[in-house]
Amino acid sequence: MASRPSSTSRRLLGLAAVATTSLLVAACQRAEEAVELPPRPVKTVAVSFSAEDTFGSLVGDVQPRTETNFGFRQGGEIRERDVDVGDRVEVGAVLARLDTEDAQDAVRKAEANLFAAQSNFDNADQTRRRQEQLYPRTISRAALDAATAQANAARAGVDAAQAAVRVAQNNLDNRVLKSNAAGVVTAVGGDVGQVVGGGQMIVRVAQLVDKDAVFQVPEATIQSASRDVRVEARLLSNPNSKAIGAVREISPVANPVTRNFTVRVGLETVPDDFRFGSAVRGTVQVAGDPVARLPMTALFNQGSQPAVWVVDPKTNTTKLVSIEVHRFETSDFLVANGLQDGDNVVVAGVQQLRPDMSVRLLGAAK
């Protein structure tokens, strides 16, 4: 029967196993240290400090400052419409015409009534003059007064008939719709053969002289902004094309859905490519402390303190720098202190970095 090993022997065997394991782990660590890892590629952006843009960047569109709806003063059937959307019109240009048969008949009737009233007055006036010659030899004072009153009534009838002719003629003239300003047609509200009512919009004309840039501005910005600021508007399709203007109108009521306020900026010296409906980006530069804008992907938390990884250009190694954040936005944040102009800040893969790690800037030579 085999004898069991003593407790002392078992302790010696355990110590030997531990020593062997330690030697193996140390050998593996030395092997890993012998392998030199290549520089990690990183994406960086250069820090640039500038005065804070109070409004941020708002996108709006170009709209006419003055847009007029033209309509007939009385209803009728449209016989002609001389313009379409996009047509240029000058002052006095004919826009549309109504049917004129009834209006012409009314003018002829008024003119006939005027002729009858004039004839009646002529007869009454001749009678009055004869009565004046006969008074007081053969007629009484009462007969003369009656002749004079009849002549005055006839004179009033002529005045009323003349007024009726003017009204009828104006009604006829008003059946021709003319533009009182130069501009471009932006909408039409009636076609040939359509019966329209008085005051209904038939043609809308936008004046080309003055243009506005219209933006939807958040309530917080409206409360803190001044109406004296200058706004720079640039076309989204051509950023080199720009116009400067001042706030001309702020809507007193917010949009019930977006809770934004409509702000109209009167543009000065507007380029020709600022067409109605063109999208523009408006900015307002307000003097303030300089800040640097960085994407949210660059932010790294060092405990409770925000920080970013900065690449040393001499050694191409990383270091963690604590920063002071001025404001957080949707996809960016503004840095007030902690960085310098020209610092290369890592903006991708910051969670994989550690201090003094060797990195390679993307796009640089290997």
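**Reading contacts, helices and backbone angles**

Student: Which residues does Gln352 touch, not counting residues up to four places away in sequence?

Tutor: Gln352 touches Arg40 and Met357. Keep in mind that this is a predicted model.

Student: Where is Gln352 placed?

Tutor: Gln352 is in a loop. That loop runs between strand E22 (344-346) and strand E23 (359-361).

Student: How many residues separate Gln352 and Arg40 along the chain?

Tutor: Gln352 and Arg40 are 312 residues apart along the chain.

Student: Now helices. What describes two packed helices?

Tutor: The angle between the axes and the distance between them describe two packed helices. Here, take H2 (residues 101-134) and H3 (residues 141-173). Their axes come within 8 Å and cross at roughly 165°.

Student: Are H2 and H3 roughly parallel or antiparallel?

Tutor: An angle over 145 degrees counts as roughly antiparallel. H2 and H3 are therefore roughly antiparallel to each other. The crossing of H2 past H3 is left-handed. The contact of H2 with H3 has 18 nonpolar, eleven polar and five charged residues.

Student: What span does H2 reach, and what is expected?

Tutor: From first C-alpha to last, the 34 residues of H2 reach 50 Å. That is close to the expected 50 Å, at 1.5 Å a residue.

Student: Which residues of H2 are buried?

Tutor: Ala103, Val107, Ala110, Ala117, Phe121, Ala124, Asp125, Arg128 and Gln131 are the buried residues of H2. H3 is included in what covers them.

Student: How should I read phi?

Tutor: Most residues other than glycine have a negative phi. Arg259 has a positive phi, near 65°, and is not a glycine. Arg259 is in the loop between strand E14 (242-250) and strand E15 (261-268). Asn316 also has a positive phi, about 55°, and is not a glycine. Look for Asn316 in the loop between strand E18 (305-312) and strand E19 (317-322).

Student: Is Ser179 buried or exposed?

Tutor: Under 20% means buried. Ser179 has a relative accessible area of 3%, so Ser179 is buried. Ser179 is placed in the loop between strand E8 (176-178) and strand E9 (183-188). Setting aside neighbours within four places in sequence, the contacts of Ser179 are Phe70, Val89, Glu90, Val91, Gly92, Ala93 and Leu95.

Student: Where is Pro290, and what does it contact beyond its sequence neighbours?

Tutor: Pro290 is in strand E16 (residues 279-295). Its relative accessible area is 45%, so Pro290 is partly exposed.

Student: How many Å separate the C-alpha atoms of Pro290 and Asn337?

Tutor: They are separated by 9.3 Å. Along the chain, Pro290 and Asn337 are 47 residues apart.

Technical notes. Residues are numbered from 1 along each chain as its sequence is written. This is a predicted model: local features need pLDDT of at least 70, side-chain atom pairs count only at pLDDT 80 or more; totals for chains, interfaces and linings use all residues. Side-chain values use heavy atoms; hydrogens and water are left out. Axes are lines fitted to C-alpha atoms, for helices over the stretch in contact, and angles run from 0 to 180 degrees between N-to-C directions. Helices (H or I, at least four residues) and strands (E, at least two) are DSSP runs, numbered from the N terminus. Angles under 35 degrees count as roughly parallel, over 145 as roughly antiparallel, 65 to 115 as roughly perpendicular and the rest as oblique. A crossing is left-handed if the near helix is turned anticlockwise from the far one by less than a right angle, and right-handed if clockwise. Ala, Val, Leu, Ile, Met, Phe, Trp, Tyr, Cys and Pro count as nonpolar, Asp, Glu, Lys and Arg as charged, and the others, Gly among them, as polar. The expected span of a helix is 1.5 Å times one less than its number of residues. Buried means under 20% relative accessible area, exposed over 50%, partly exposed in between (1.4 Å probe, protein chains only). Contact means heavy atoms within 4.5 Å.
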